[in-house]
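Here is a short briefing on a single protein chain. Look over the sequence and the model before reading on.

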Amino acid sequence: MMFQYFVKIVPTIYVKLDGEVVRTNQFSVTRHEKVANGLIGDQGLPGVFVLYELSPMMVKFTEKHRSFTHFLTGVCAIIGGVFTDGPLVCELHSVKDSKQSRALQVCTALLPP
């Protein structure tokens, strides 16, 4: 058997709210294995092979506080999306439902006049 491991390493800096800097690395591993016959050269040699790739780019994460207005804007966007898409979902549900009993009453109450 031939086992190949490809390891990609990305240097990372993490800046916390209190200003503390943490230098670390992120990595990803991809594994391949195949049957290798030492008699036939094109299949490779049996063994375990680890190949490292060091990324020339660095990632920097910085913690930040979000303001209350930013939070409020996100909540308003969610509420607006519910009011916009809610009647459409109800309408599609009522078309799918052949009885159109309770679903149709709820949808007509949500639709604007």
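Helices (H or I, at least four residues) and strands (E, at least two) are DSSP runs, numbered from the N terminus. By that rule, V21 lies in strand β2. The model is a predicted one. It holds 2 helices and 4 strands.

**Layout and confidence**

- Reading from the N terminus, the order of elements is β-β-β-β-α-α.
- Mean pLDDT over the chain is 83. A score of at least 70 is reached by 75% of the residues.
- Strand β4 (residues 59-62) has the highest mean pLDDT of the elements, at 95. Helix α2 (residues 102-110) has the lowest, at 58.

**Surface and contacts of the whole chain**

- The chain has 113 residues, and 12% of them are buried.
- Its accessible surface is about 9,400 Å². Carbon and sulfur atoms account for 64% of that surface.
- Take the contacts between residues at least 6 apart in sequence: 60% of them link residues at least 24 apart.

**Strand β1 and its partners**

- Which strand pairs with β1 in the antiparallel sense? Strand β2 (residues 21-34) does, and 14 bridges join it to β1 (residues 2-15).
- Two residue pairs can be picked out between these strands. Y14 has V22 of β2 as its bridge partner. K8 has S28 of β2 as its bridge partner.
- The β1 and β2 hairpin leaves 5 residues between the strands. In this hairpin, G19 adopts a positive phi near 95°.
- Strand β3 pairs with β1 in the parallel sense, over 8 bridges. Here F6 sits opposite L51 of β3.
- Strand β4 also runs parallel to β1, and 4 bridges join the two. Here V15 sits opposite T62 of β4.

- Is V21 buried, partly exposed or exposed? V21 counts as partly exposed because its relative accessible area is 46%, and that class runs between the 20% limit for buried and the 50% limit for exposed.
- Set aside the neighbours within four places in sequence. V21 then touches I13, Y14 and V15.
- One of those contacts, Y14, is the residue whose bridge partner in β2 is V22. Another, V15, stands opposite T62 in β4.
- V21 and F61 are 40 residues apart in sequence. Their C-alpha atoms are 9.9 Å apart in space.

- V50 belongs to strand β3, which spans residues 47-54.
- Why is V50 classed as partly exposed? Its relative accessible area is 42%, so V50 falls in the partly exposed class, between the 20% and 50% limits.

**To take away**

- Strand β1 pairs with β2 in the antiparallel sense, and with β3 in the parallel sense.
- Treat helix α2 with its confidence in view: its mean pLDDT is 58.

Notes:
Residues are numbered from 1 along each chain as its sequence is written. This is a predicted model: local features need pLDDT of at least 70, side-chain atom pairs count only at pLDDT 80 or more; totals for chains, interfaces and linings use all residues. Side-chain values use heavy atoms; hydrogens and water are left out. Buried means under 20% relative accessible area, exposed over 50%, partly exposed in between (1.4 Å probe, protein chains only). pLDDT is the predictor's confidence in each residue, from 0 to 100. Contact means heavy atoms within 4.5 Å. Accessible areas come from the Shrake-Rupley method with a 1.4 Å probe; for residues, only the protein chains shown count as cover. Two strands pair if DSSP finds at least two bridges between them.
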